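Here are my notes on this one, pocket and helix packing in turn. Have the model open as you read.

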Amino acid sequence: MRGFHCVDPSHDRIEFTGADDEDLFQNVKTHTTQAHPQLTDSQIREMIAGADWWKEVATSGVNAGSSPSAYDK
């Protein structure tokens, strides 16, 4: 089981889980389609993979407190 969480000024912390990274991606994408429509599929995959740009946003940007990458649950 994989996990990821999103923190954003527009909503409370949201937890996502998936059987694997692809399942997790689909669950995160369902959320981003409504809450963060500017994110592309490749950006979502980069976030789950822990891309450097996302780690910075997730730790010190507007999304501070979000997962810097997917994690095992």
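1. By class, nine nonpolar, five polar and one charged residues line the largest pocket. (Ala, Val, Leu, Ile, Met, Phe, Trp, Tyr, Cys and Pro count as nonpolar, Asp, Glu, Lys and Arg as charged, the others, Gly among them, as polar.)

2. A caveat: this is a predicted model, where local features need pLDDT of at least 70 and side-chain atom pairs 80 or more, while totals for chains, interfaces and linings use all residues. Numbering runs from 1 along each chain as its sequence is written, and side-chain values use heavy atoms, without hydrogens and water.

3. That pocket's volume is about 160 Å³. Of its 15 lining residues, His36, Leu39, Met47, Trp54 and Asn63 are the closest to the centre. Strand 1 (2-8), helix 1 and helix 3 (52-60) each give two or more residues to the lining.

4. Now the helices. Helix 1 (residues 21-35) and helix 2 (residues 41-49) pack at about 125°, axes 10 Å apart.

5. Who makes the contact (heavy atoms within 4.5 Å)? Helix 1 brings Asp21, Glu22, Leu24, Phe25, Val28, Lys29 and Thr32, and helix 2 brings Asp41, Ile44, Arg45 and Ile48. These divide into five nonpolar, one polar and five charged.

Note on methods: Axes are lines fitted to C-alpha atoms, for helices over the stretch in contact, and angles run from 0 to 180 degrees between N-to-C directions. Helices (H or I, at least four residues) and strands (E, at least two) are DSSP runs, numbered from the N terminus. Contact means heavy atoms within 4.5 Å. On a 1 Å grid over the protein atoms alone, a cavity is a set of points where a 1.4 Å probe fits but cannot get out, and a pocket is an open set with protein on both sides within 12 Å along at least five of seven lines; lining residues have an atom within 4 Å of a point. Grid points are joined across faces, edges and corners, and a volume is the space filled by probe spheres set on the points.
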